[in-house]
Amino acid sequence: MKKAKKIWFNGKFLDWKKAKIHVLAHSLHYGSAVFEGIRAYSTEKGPAVFRLPEHINRLFYSASVLDMRIPFSKEEVKAAILRMIKINRLKECYIRPIAFFGEKMGLNPKGALVNLVIIAFPWRGLFGEKKIKVKTSKFIRIHPRSTTADAKISGHYINSILATLEVKKAGFDEAILLDFEGKVAEGPGENIFMVKDRKISTPLPGAILPGITRRTIIEVAKSLGYSVSEKKIEPRELKKADELFFAGTGVEICPIAKINKILINQGKVGEITLKIKKSYQEIVRGKEKRYFKWLTFVENDKGNRV
Ligand SMILES: Cc1ncc(COP(=O)(O)O)c(C=O)c1O
């Protein structure tokens, strides 16, 4: 991981090494933090953040699930992210805002201070241009009645970590988690799409984190003329798919070449996956005017000091 110079900590720009928290932070003990994974890409008009308002809305939604009051407005958080990119002189980067409860023992977080940190650093994504091998995990995705599954809460990620450790040990790149009904849910940090007979489908919201990339792909694929449906998908359907790919901020559009022991599309990247992947890369880098609506350009930053 490449470090950047500064980290934004409750409104102050601290040196990377000095951004530390207390060992009694409630969120460290109980997983009661909320966070986002956002990316900025290099465009002709300088760096631009992809779908910034949507990510900030989700951050505040996740916080509301924990009854956590982030002590900054959405506008202030957006401005702080743009300043971070500028101050650290980043061209392309990953941005990780995280809100967490400070010192407090006991499960009830009421009374603990809420902190907000923004980290931004250069990053090229999770799998690069790799076609990956996935394995169905023995762990099911968190039950939507055990928690609020569509919030991005740190504690949820134990589920993802366990699935990842399991499949990495077996020599695979990434896991696929099923839901409590045995239907396909998602990857540990990304959503899944299937292509069969030129039709695209993806699991319904409910047990999954319905990603911003997922929403993007549904819109883009439809505008490219494909039919896209959100539906329950059986694990056996994945094995018979013509194409499979993951979609998420970290992996962008990542082709799946093999699931368990089965090769998908003879291990080659499918035509539709390739088309969507190419389109996504163009959109995030500002090469498609009609999708400028999804970009927040750092150069437009009004210089608000937060
Ligand atoms: C469990 C899970 N599913 C899906 C996604 C994809 O979401 P997004 O496209 O908003 O990055 C993520 C990443 O945040 C995730 O952690």
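Strand 3 (residues 34-35) and strand 6 (residues 93-101) form an antiparallel pair joined by two bridges; strands here are DSSP runs of E with at least two residues, numbered from the N terminus, and two strands pair if DSSP finds at least two bridges between them. The model is predicted, so local features need pLDDT of at least 70 and side-chain atom pairs count only at pLDDT 80 or more, while totals for chains, interfaces and linings use all residues. Residues are numbered from 1 along each chain as its sequence is written, and side-chain values use heavy atoms, with hydrogens and water left out.

**Strand 6 and its partners**

- Strand 7 (residues 114-121) pairs with strand 6 in the antiparallel sense over eight bridges.
- Ala99 has Leu116 as its bridge partner in strand 7.
- Seven of the nine residues of strand 6 are buried, leaving the strand mostly covered; buried means under 20% relative accessible area, with a 1.4 Å probe and protein chains only.

**Cavities**

- The model holds three cavities of 30 Å³ or more.
- A cavity is a set of points, on a 1 Å grid over the protein atoms alone, where a 1.4 Å probe fits but cannot get out; lining residues have an atom within 4 Å of a point.
- Grid points are joined across faces, edges and corners, and a volume is the space filled by probe spheres set on the points.

**The largest cavity**

- The largest cavity contains about 50 Å³ of space.
- Its lining consists of Arg39, Phe50, His55, Ile212, Thr213, Thr249 and Tyr280.
- Three of these lining residues are nonpolar, three polar and one charged, where Ala, Val, Leu, Ile, Met, Phe, Trp, Tyr, Cys and Pro count as nonpolar, Asp, Glu, Lys and Arg as charged, and the others, Gly among them, as polar.
- Domain 1 (6-121) and domain 2 (132-286) each give at least three residues to the lining of the largest cavity; the domain bounds come from an automatic or database domain assignment.

**The second largest cavity**

- The second largest cavity has about 40 Å³ of space.
- Among the residues lining the second largest cavity are Asp242, Glu243, Leu244, Pro255, Ile256 and Lys268.
- Strand 14 (243-248) and strand 15 (252-259) are the elements that give two or more residues to this lining.
- The lining of the second largest cavity comprises five nonpolar, three polar and three charged residues.

Definitions and conventions: 1 Å grid on protein atoms, 1.4 Å probe; cavity = no way out; pocket = protein on both sides within 12 Å on 5 of 7 lines; lining within 4 Å. Helix = DSSP H or I, 4+ residues; strand = E, 2+ residues; numbered from the N terminus. Buried < 20%, exposed > 50% of the residue type's maximum accessible area, 1.4 Å probe, protein only.
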